[in-house]
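I opened my notebook with a plain plan.

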Amino acid sequence: MSDARSAPLYCPYCGEEDLRPSEAGHGAWECHACARVFTVKFTGLLGTGVAR
């Protein structure tokens, strides 16, 4: 498996694409359109018994 990570494409608050990695910590991103800093964290996968 690769150590490469995908970057978010859009800000979850304003929808703009002007994102840059933040020094606030691992997985933190800065949106230069709305001046927010947010983090992205993978929590896990759904179980195989989940009904749709």
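My entries follow, topic by topic.

**Overall layout**

I noted first that this is a predicted model. I looked up the secondary structure next. I found zero helices and three strands. Read from the N terminus, the order is β-β-β.

Then I checked burial. The protein has 52 residues, and 13% of them count as buried.

**Cysteines**

How many disulfides does the rule count? I got zero. I reminded myself that a disulfide is a covalent bond between the sulfur atoms of two cysteines.

The cut-off is 2.5 Å. Cys-34 is in no disulfide either. Its nearest cysteine sulfur is again that of Cys-31, at 3.6 Å.

I compared the two with the accessibility classes. Cys-11 has 4% relative accessibility, so I wrote down buried. Cys-34 has 22%, so I wrote down partly exposed. The limit for buried is under 20%.

**Rings**

I searched for aromatic pairs and found one. The partners are Tyr-13 and Phe-38. Their ring centres are 6.4 Å apart, and the planes make 65 degrees. That makes the pair edge-to-face, because planes over 60 degrees apart count that way.

Where do the partners sit? Tyr-13 lies in the segment before E1, and Phe-38 lies in strand E3, residues 36–39. The pair therefore ties together parts that are 25 residues apart in sequence.

Are these two residues buried or exposed? Tyr-13 counts as exposed at 53% relative accessibility. Phe-38 is buried, with a relative accessible area of 7%.

**Ser-22**

Last, I looked at a loop residue. Ser-22 is found between strand E1 (19–21) and strand E2 (28–31). I checked its accessibility and read 13%, so Ser-22 counts as buried.

Which residues does Ser-22 contact, leaving aside its neighbours within four places in sequence? I listed Ala-28, Trp-29, Glu-30 and Val-37. I also looked at the side chain of Ser-22. One of its polar atoms lies 3.0 Å from the backbone nitrogen of Ala-24.

Key. Residues numbered from 1 in each chain as written. Predicted model: local features only at pLDDT ≥ 70, side-chain atom pairs only at ≥ 80, totals over all residues. Heavy atoms only, no water. Helix = DSSP H or I, 4+ residues; strand = E, 2+ residues; numbered from the N terminus. Buried < 20%, exposed > 50% of the residue type's maximum accessible area, 1.4 Å probe, protein only. Polar contact = N/O pair within 3.5 Å; in protein donor to acceptor, adjacent residues only side chain to side chain. Contact = heavy atoms within 4.5 Å. Phe/Tyr/Trp six-rings, centres within 6.5 Å; stacked < 30°, edge-to-face > 60°.
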